[in-house]
Amino acid sequence: IIILGIESSCDDTSAAILKNEAILSNEIAGQKVHEAYGGVVPELASRAHQQNILPVVDAAIKNAKIHISDIDAVAFTRGPGLLGSLIVGTSFAKSFALGLDIPIVEVNHMHGHVLAHFIDDIENNELKEKPSFPFLCLTVSGGHTQVVLVRDHLDMEVVGTTKDDAAGEAFDKTAKLLGLPYPGGPLIDKYAKEGDANAFKFTKPEMANFDFSFSGLKTNVLQFLQRETKKDKDFIEKRLPDICASLQKTIVDILFDKLIKAAKHYSINEIAIAGGVSANSGIRKRLLEEGEQRNWKTYIPKFEYCTDNAAMIAITGRFHYLNGKFADQSVTPQARMKI
Ligand code: ATP
Ligand code: FE
(Lines give C-alpha, C1' and ligand atoms only; values in the text may rest on other atoms or scores of the structure.)
(Ligands and ions follow the chains in the order given, each with its own letter.)
Protein backbone atom coordinates (compact mmCIF):
# COMPACT_ATOMS: atom_id res chain seq x y z
CA ILE A 1 0.00 0.00 0.00
CA ILE A 2 1.32 3.44 -0.92
CA ILE A 3 -0.06 6.46 0.89
CA LEU A 4 0.54 10.15 0.26
CA GLY A 5 0.47 12.07 3.55
CA ILE A 6 -0.24 15.79 3.75
CA GLU A 7 0.34 18.01 6.77
CA SER A 8 -0.54 21.71 6.91
CA SER A 9 -1.87 22.35 10.42
CA CYS A 10 0.44 25.18 11.44
CA ASP A 11 3.38 26.76 9.64
CA ASP A 12 5.06 23.77 7.97
CA THR A 13 3.84 22.41 4.66
CA SER A 14 4.78 18.76 4.40
CA ALA A 15 4.16 15.81 2.09
CA ALA A 16 5.37 12.24 2.51
CA ILE A 17 5.17 8.96 0.67
CA LEU A 18 4.70 5.86 2.81
CA LYS A 19 5.06 2.36 1.39
CA ASN A 20 3.64 -0.12 3.90
CA GLU A 21 5.35 1.13 7.08
CA ALA A 22 8.45 2.60 5.45
CA ILE A 23 8.91 6.23 4.51
CA LEU A 24 10.12 6.75 0.96
CA SER A 25 10.16 10.55 1.19
CA ASN A 26 9.22 13.25 3.70
CA GLU A 27 9.44 16.80 2.34
CA ILE A 28 8.96 19.82 4.56
CA ALA A 29 8.78 23.49 3.61
CA GLY A 30 9.08 25.78 6.60
CA GLN A 31 7.88 29.38 6.62
CA LYS A 32 10.33 32.13 7.38
CA VAL A 33 7.77 34.95 7.07
CA HIS A 34 6.70 34.60 10.72
CA GLU A 35 10.11 35.26 12.28
CA ALA A 36 9.70 39.02 12.14
CA TYR A 37 6.42 38.80 14.09
CA GLY A 38 7.56 36.67 17.02
CA GLY A 39 4.94 34.01 16.34
CA VAL A 40 2.90 32.39 13.59
CA VAL A 41 0.58 34.81 11.75
CA PRO A 42 -2.37 32.65 10.58
CA GLU A 43 -3.19 34.63 7.43
CA LEU A 44 0.43 34.54 6.25
CA ALA A 45 0.69 30.83 7.09
CA SER A 46 -2.32 30.04 4.94
CA ARG A 47 -0.92 31.98 1.99
CA ALA A 48 2.49 30.31 2.29
CA HIS A 49 0.83 26.85 2.35
CA GLN A 50 -0.88 27.72 -0.94
CA GLN A 51 2.48 28.53 -2.48
CA ASN A 52 4.29 25.53 -0.99
CA ILE A 53 1.86 22.67 -1.31
CA LEU A 54 2.26 21.83 -4.99
CA PRO A 55 6.08 21.88 -5.08
CA VAL A 56 6.26 19.94 -1.81
CA VAL A 57 3.92 17.18 -3.02
CA ASP A 58 5.76 17.09 -6.32
CA ALA A 59 9.11 16.69 -4.57
CA ALA A 60 7.73 13.96 -2.29
CA ILE A 61 6.56 11.91 -5.29
CA LYS A 62 9.80 12.46 -7.24
CA ASN A 63 12.09 11.67 -4.30
CA ALA A 64 10.12 8.53 -3.48
CA LYS A 65 10.78 7.42 -7.07
CA ILE A 66 7.20 6.34 -7.56
CA HIS A 67 4.65 7.25 -10.19
CA ILE A 68 1.61 9.28 -9.26
CA SER A 69 -0.61 6.35 -10.29
CA ASP A 70 1.06 4.12 -7.66
CA ILE A 71 -0.62 6.07 -4.84
CA ASP A 72 -3.46 4.13 -3.17
CA ALA A 73 -4.84 6.82 -0.85
CA VAL A 74 -4.27 10.35 0.43
CA ALA A 75 -4.09 10.96 4.18
CA PHE A 76 -4.39 14.55 5.38
CA THR A 77 -4.50 16.43 8.67
CA ARG A 78 -8.10 17.42 9.36
CA GLY A 79 -7.27 19.08 12.70
CA PRO A 80 -6.48 20.38 15.24
CA GLY A 81 -4.64 23.45 13.97
CA LEU A 82 -5.10 26.82 12.31
CA LEU A 83 -8.23 26.76 10.18
CA GLY A 84 -6.76 28.71 7.25
CA SER A 85 -3.77 26.37 7.17
CA LEU A 86 -5.85 23.21 7.45
CA ILE A 87 -8.11 24.33 4.59
CA VAL A 88 -5.18 24.32 2.18
CA GLY A 89 -4.08 20.74 2.99
CA THR A 90 -7.63 19.41 3.15
CA SER A 91 -8.69 21.00 -0.14
CA PHE A 92 -5.55 19.82 -1.85
CA ALA A 93 -5.97 16.24 -0.58
CA LYS A 94 -9.59 16.15 -1.71
CA SER A 95 -8.97 17.42 -5.22
CA PHE A 96 -5.83 15.34 -5.71
CA ALA A 97 -7.71 12.16 -4.69
CA LEU A 98 -10.74 13.09 -6.78
CA GLY A 99 -8.53 13.50 -9.83
CA LEU A 100 -6.92 10.08 -9.32
CA ASP A 101 -10.13 8.42 -8.15
CA ILE A 102 -8.54 7.15 -4.93
CA PRO A 103 -9.86 7.36 -1.34
CA ILE A 104 -9.01 10.00 1.26
CA VAL A 105 -8.30 9.39 4.92
CA GLU A 106 -8.63 12.08 7.58
CA VAL A 107 -6.05 12.19 10.34
CA ASN A 108 -6.02 13.80 13.77
CA HIS A 109 -2.70 15.63 14.04
CA MET A 110 -2.25 14.52 17.68
CA HIS A 111 -2.71 10.86 16.69
CA GLY A 112 0.02 11.56 14.17
CA HIS A 113 2.52 12.77 16.78
CA VAL A 114 1.97 9.57 18.82
CA LEU A 115 1.97 7.18 15.86
CA ALA A 116 5.25 8.57 14.51
CA HIS A 117 6.65 5.74 16.65
CA PHE A 118 5.27 3.18 14.18
CA ILE A 119 7.22 4.35 11.16
CA ASP A 120 9.81 1.74 10.17
CA ASP A 121 13.06 3.20 11.33
CA ILE A 122 16.43 1.62 10.72
CA GLU A 123 19.14 2.19 13.31
CA ASN A 124 22.54 0.46 13.14
CA ASN A 125 21.20 -1.68 10.30
CA GLU A 126 18.39 -2.95 12.52
CA LEU A 127 14.72 -2.15 12.52
CA LYS A 128 14.08 -0.03 15.61
CA GLU A 129 11.69 -1.58 18.10
CA LYS A 130 8.19 -0.08 18.30
CA PRO A 131 6.25 0.41 21.54
CA SER A 132 3.93 -2.41 22.56
CA PHE A 133 0.42 -1.79 23.85
CA PRO A 134 -0.60 -0.38 26.20
CA PHE A 135 1.99 2.39 26.40
CA LEU A 136 2.07 5.95 27.71
CA CYS A 137 3.09 8.77 25.42
CA LEU A 138 4.04 12.22 26.65
CA THR A 139 3.12 14.40 23.70
CA VAL A 140 4.71 17.82 24.03
CA SER A 141 4.34 20.30 21.20
CA GLY A 142 3.70 23.92 20.35
CA GLY A 143 0.01 23.70 21.16
CA HIS A 144 -0.38 20.58 23.33
CA THR A 145 0.93 18.86 26.44
CA GLN A 146 -0.69 15.48 26.92
CA VAL A 147 -0.15 12.23 28.73
CA VAL A 148 -1.78 9.77 26.36
CA LEU A 149 -2.72 6.20 27.29
CA VAL A 150 -2.37 4.31 24.02
CA ARG A 151 -4.27 1.00 24.04
CA ASP A 152 -4.04 0.38 20.31
CA HIS A 153 -3.02 2.29 17.19
CA LEU A 154 -6.26 4.23 17.09
CA ASP A 155 -7.52 3.65 20.62
CA MET A 156 -6.06 6.48 22.70
CA GLU A 157 -7.14 8.39 25.78
CA VAL A 158 -5.73 11.68 27.01
CA VAL A 159 -5.33 11.10 30.76
CA GLY A 160 -3.50 14.35 31.53
CA THR A 161 -3.35 17.70 29.78
CA THR A 162 -2.30 21.30 30.30
CA LYS A 163 -4.84 23.68 31.77
CA ASP A 164 -3.20 26.74 30.17
CA ASP A 165 0.01 26.99 28.11
CA ALA A 166 1.57 24.06 26.29
CA ALA A 167 5.15 22.98 27.06
CA GLY A 168 6.28 24.50 23.75
CA GLU A 169 4.65 27.79 24.72
CA ALA A 170 6.37 27.66 28.10
CA PHE A 171 9.68 27.42 26.25
CA ASP A 172 8.83 30.01 23.59
CA LYS A 173 7.21 32.58 25.87
CA THR A 174 9.97 32.52 28.48
CA ALA A 175 12.53 32.67 25.65
CA LYS A 176 10.79 35.82 24.45
CA LEU A 177 11.17 37.34 27.92
CA LEU A 178 14.89 36.65 27.56
CA GLY A 179 14.93 38.52 24.25
CA LEU A 180 15.44 35.38 22.16
CA PRO A 181 13.85 35.16 18.68
CA TYR A 182 10.86 32.91 17.87
CA PRO A 183 10.72 29.97 18.29
CA GLY A 184 12.90 30.20 21.37
CA GLY A 185 12.58 26.56 22.53
CA PRO A 186 15.58 25.24 20.60
CA LEU A 187 17.66 28.25 21.74
CA ILE A 188 16.89 27.64 25.41
CA ASP A 189 18.00 24.06 24.81
CA LYS A 190 21.23 25.28 23.20
CA TYR A 191 22.19 27.75 25.96
CA ALA A 192 21.09 25.35 28.71
CA LYS A 193 23.90 23.00 27.69
CA GLU A 194 26.49 25.49 28.98
CA GLY A 195 24.63 26.48 32.15
CA ASP A 196 24.07 25.35 35.74
CA ALA A 197 20.56 23.94 36.12
CA ASN A 198 20.59 24.59 39.85
CA ALA A 199 21.57 28.26 39.60
CA PHE A 200 18.01 29.57 39.97
CA LYS A 201 14.78 28.13 41.32
CA PHE A 202 11.45 28.68 39.60
CA THR A 203 7.95 27.79 40.77
CA LYS A 204 6.27 24.50 40.02
CA PRO A 205 2.48 24.36 40.02
CA GLU A 206 0.32 22.12 42.19
CA MET A 207 -1.98 20.39 39.75
CA ALA A 208 -4.43 17.54 40.29
CA ASN A 209 -4.08 14.12 38.67
CA PHE A 210 -1.85 14.09 35.60
CA ASP A 211 -2.56 17.66 34.52
CA PHE A 212 -0.08 20.44 33.83
CA SER A 213 0.08 24.21 34.12
CA PHE A 214 2.75 26.54 32.80
CA SER A 215 1.26 30.03 33.08
CA GLY A 216 2.55 30.50 36.64
CA LEU A 217 6.08 29.77 35.51
CA LYS A 218 5.88 32.48 32.86
CA THR A 219 4.78 35.07 35.44
CA ASN A 220 7.43 33.85 37.85
CA VAL A 221 10.18 34.24 35.23
CA LEU A 222 8.91 37.70 34.26
CA GLN A 223 9.00 38.93 37.87
CA PHE A 224 12.38 37.31 38.46
CA LEU A 225 13.88 39.04 35.41
CA GLN A 226 12.37 42.41 36.34
CA ARG A 227 13.82 42.11 39.85
CA GLU A 228 17.28 41.05 38.70
CA THR A 229 17.64 43.49 35.81
CA LYS A 230 16.74 46.31 38.18
CA LYS A 231 19.80 45.35 40.21
CA ASP A 232 22.00 44.73 37.15
CA LYS A 233 20.81 45.78 33.72
CA ASP A 234 23.13 43.24 32.05
CA PHE A 235 21.84 40.35 34.17
CA ILE A 236 20.31 38.38 31.26
CA GLU A 237 23.37 38.75 29.09
CA LYS A 238 25.71 37.67 31.89
CA ARG A 239 23.68 34.71 33.13
CA LEU A 240 21.85 33.49 30.00
CA PRO A 241 23.15 29.88 30.13
CA ASP A 242 22.32 29.54 33.84
CA ILE A 243 18.85 31.01 33.38
CA CYS A 244 18.16 28.70 30.41
CA ALA A 245 19.46 25.62 32.20
CA SER A 246 17.37 26.36 35.32
CA LEU A 247 14.29 27.08 33.23
CA GLN A 248 14.66 23.91 31.19
CA LYS A 249 15.14 21.85 34.35
CA THR A 250 11.92 23.30 35.81
CA ILE A 251 9.89 22.51 32.69
CA VAL A 252 11.36 19.00 32.47
CA ASP A 253 10.62 18.42 36.19
CA ILE A 254 7.00 19.54 35.76
CA LEU A 255 6.57 17.13 32.83
CA PHE A 256 8.25 14.14 34.46
CA ASP A 257 6.52 14.50 37.84
CA LYS A 258 3.26 13.72 36.04
CA LEU A 259 4.64 11.17 33.61
CA ILE A 260 6.12 9.16 36.50
CA LYS A 261 2.88 9.45 38.46
CA ALA A 262 0.88 8.19 35.46
CA ALA A 263 3.28 5.31 34.82
CA LYS A 264 2.85 4.18 38.44
CA HIS A 265 -0.93 4.64 38.40
CA TYR A 266 -1.44 2.58 35.24
CA SER A 267 1.44 0.17 35.99
CA ILE A 268 2.85 0.75 32.53
CA ASN A 269 6.55 0.64 31.76
CA GLU A 270 6.40 1.22 28.00
CA ILE A 271 7.01 4.97 27.85
CA ALA A 272 7.28 7.17 24.77
CA ILE A 273 7.68 10.86 24.06
CA ALA A 274 6.49 12.70 20.97
CA GLY A 275 5.90 16.16 19.50
CA GLY A 276 8.21 19.04 18.65
CA VAL A 277 9.32 19.66 22.23
CA SER A 278 10.48 16.04 22.53
CA ALA A 279 13.44 17.21 20.44
CA ASN A 280 14.63 18.92 23.63
CA SER A 281 17.87 17.36 24.87
CA GLY A 282 16.91 17.79 28.55
CA ILE A 283 13.70 15.83 28.01
CA ARG A 284 15.46 13.09 26.04
CA LYS A 285 18.19 12.73 28.64
CA ARG A 286 15.70 12.63 31.50
CA LEU A 287 13.61 9.96 29.78
CA LEU A 288 16.65 7.72 29.45
CA GLU A 289 17.66 8.32 33.08
CA GLU A 290 14.19 7.59 34.45
CA GLY A 291 13.95 4.59 32.13
CA GLU A 292 17.14 3.15 33.55
CA GLN A 293 16.08 3.77 37.14
CA ARG A 294 12.48 2.60 36.78
CA ASN A 295 12.91 -0.25 34.33
CA TRP A 296 10.95 1.53 31.65
CA LYS A 297 11.29 0.66 28.00
CA THR A 298 11.64 4.06 26.41
CA TYR A 299 10.91 5.26 22.88
CA ILE A 300 12.06 8.48 21.25
CA PRO A 301 11.16 9.25 17.65
CA LYS A 302 13.76 10.30 15.14
CA PHE A 303 14.24 14.06 15.20
CA GLU A 304 12.51 14.66 11.84
CA TYR A 305 9.40 12.81 13.06
CA CYS A 306 9.13 14.93 16.26
CA THR A 307 8.25 18.30 14.77
CA ASP A 308 5.42 18.60 12.28
CA ASN A 309 5.83 16.27 9.31
CA ALA A 310 3.66 14.39 6.85
CA ALA A 311 5.31 11.02 7.53
CA MET A 312 3.42 10.76 10.83
CA ILE A 313 0.18 11.69 9.03
CA ALA A 314 0.78 9.01 6.40
CA ILE A 315 1.44 6.26 8.99
CA THR A 316 -1.71 7.24 10.90
CA GLY A 317 -3.62 7.25 7.62
CA ARG A 318 -2.37 3.73 6.97
CA PHE A 319 -3.99 2.43 10.17
CA HIS A 320 -7.31 4.06 9.21
CA TYR A 321 -6.92 2.65 5.71
CA LEU A 322 -6.39 -0.87 7.06
CA ASN A 323 -9.52 -0.42 9.19
CA GLY A 324 -11.44 0.67 6.10
CA LYS A 325 -12.12 4.09 7.60
CA PHE A 326 -12.27 6.58 4.75
CA ALA A 327 -13.42 10.19 4.67
CA ASP A 328 -16.09 11.58 2.41
CA GLN A 329 -15.44 14.32 -0.17
CA SER A 330 -17.72 16.56 1.94
CA VAL A 331 -15.22 16.51 4.85
CA THR A 332 -14.16 19.94 6.19
CA PRO A 333 -11.20 20.83 8.44
CA GLN A 334 -11.63 21.22 12.18
CA ALA A 335 -9.54 23.72 14.12
CA ARG A 336 -10.41 21.99 17.39
CA MET A 337 -10.43 18.24 17.41
CA LYS A 338 -10.25 15.77 20.29
CA ILE A 339 -8.13 12.62 20.23
P1 ATP B 1 0.70 21.10 17.86
O2 ATP B 1 1.27 19.81 17.43
O3 ATP B 1 0.31 21.11 19.28
O4 ATP B 1 -0.37 21.59 16.94
P5 ATP B 1 2.98 22.35 16.67
O6 ATP B 1 2.78 21.28 15.67
O7 ATP B 1 3.02 23.75 16.22
O8 ATP B 1 1.87 22.20 17.79
P9 ATP B 1 5.51 21.16 17.00
O10 ATP B 1 5.98 21.48 15.63
O11 ATP B 1 5.25 19.75 17.32
O12 ATP B 1 4.29 22.05 17.46
O13 ATP B 1 6.57 21.74 18.04
C14 ATP B 1 6.98 23.07 17.97
C15 ATP B 1 7.45 23.47 19.35
O16 ATP B 1 8.59 22.69 19.72
C17 ATP B 1 7.85 24.93 19.46
O18 ATP B 1 7.23 25.47 20.61
C19 ATP B 1 9.38 24.86 19.64
O20 ATP B 1 9.92 25.90 20.41
C21 ATP B 1 9.51 23.53 20.36
N22 ATP B 1 10.85 22.95 20.27
C23 ATP B 1 11.47 22.45 19.17
N24 ATP B 1 12.71 22.03 19.48
C25 ATP B 1 12.88 22.26 20.82
C26 ATP B 1 13.94 22.04 21.74
N27 ATP B 1 15.09 21.51 21.36
N28 ATP B 1 13.74 22.44 23.01
C29 ATP B 1 12.57 22.97 23.41
N30 ATP B 1 11.56 23.19 22.60
C31 ATP B 1 11.69 22.86 21.31
FE1 FE C 1 2.38 19.34 15.79
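Predicted model: local features only at pLDDT ≥ 70, side-chain atom pairs only at ≥ 80, totals over all residues.
Trainee: How many residues of α9 are buried?
Mentor: Buried means 20 or more other C-beta atoms within 10 Å of the residue's own; 12 or fewer means exposed, anything in between partly exposed, with C-beta atoms placed from the backbone. Among the buried residues of α9 are Met312, Ile315, Arg318 and His320. The helix is mostly covered, and the buried count out of its 12 residues is nine.

Trainee: Which helix is included in what covers the buried residues of α9?
Mentor: Contact means two C-beta atoms, placed from the backbone, within 7 Å. The cover includes strands β1 (2–7), β2 (13–19), β3 (22–29), β4 (73–79) and β5 (104–108). It also includes helix α3 (109–115).

Trainee: Where does helix α1 bend?
Mentor: The 22 residues of α1 (residues 42–63) should span 32 Å, and the end C-alpha atoms are 30 Å apart, which agrees. A bend is the angle between axes fitted to the seven residues ending at a residue and the seven starting there. In α1 this angle is about 40°, and a proline, Pro55, follows within four residues of the bend, which is at Asn52.

Trainee: Which elements do the buried residues of α1 pack against?
Mentor: The buried set includes Ala45, His49, Asn52, Val56 and Ile61. These buried residues pack against β2, β3 and α2 (83–100).

Trainee: What is the angle at which helix α4 (residues 167–177) and helix α5 (residues 185–192) cross?
Mentor: Two packed helices are described by the angle and the distance between their axes. Axes are lines fitted to C-alpha atoms, for helices over the stretch in contact, and angles run from 0 to 180 degrees between N-to-C directions. Gly168, Phe171, Asp172 and Ala175 in α4 meet Gly185, Leu187 and Ile188 in α5. The axes come within 8 Å, and the crossing angle is roughly 75°.

Trainee: What does that make α4 relative to α5?
Mentor: Angles under 35 degrees count as roughly parallel, over 145 as roughly antiparallel, 65 to 115 as roughly perpendicular and the rest as oblique. That makes α4, relative to α5, roughly perpendicular.

Trainee: Which strands stand at the edges of the five-stranded sheet?
Mentor: Strands pair if DSSP finds at least two bridges between them. The sheet is open and mixed, in the order β10-β9-β8-β11-β12. Two strands have a single partner each, so one side of each is left without a neighbour in the sheet: β10 and β12 (297–299).

Trainee: Which helix packs on this sheet?
Mentor: Neighbouring strands are turned by 25° against each other on average, direction ignored. The packing helix touches β8, β9, β10 and β11 (270–274), and its direction makes about 160° with that of β8. It is helix α7 (residues 235–266).

Trainee: Which residue of β11 stands opposite Leu136?
Mentor: Strand β8 (residues 135–140) and β9 pair in the antiparallel sense over six bridges. There, Leu136 stands opposite Leu149. β8 and β11 run parallel, joined by four bridges. In β11, the residue opposite Leu136 is Ile271.

Trainee: Is Asp121 buried or partly exposed?
Mentor: Asp121 lies in the loop between α3 and β6 (122–123). Beyond neighbours within four places in sequence, it contacts Lys128 and Lys302. With 18 C-beta neighbours inside 10 Å, Asp121 counts as partly exposed.

Technical notes: Residues numbered from 1 in each chain as written. Chains lettered and ligands numbered in written order. Expected span 1.5 Å × (residues − 1).
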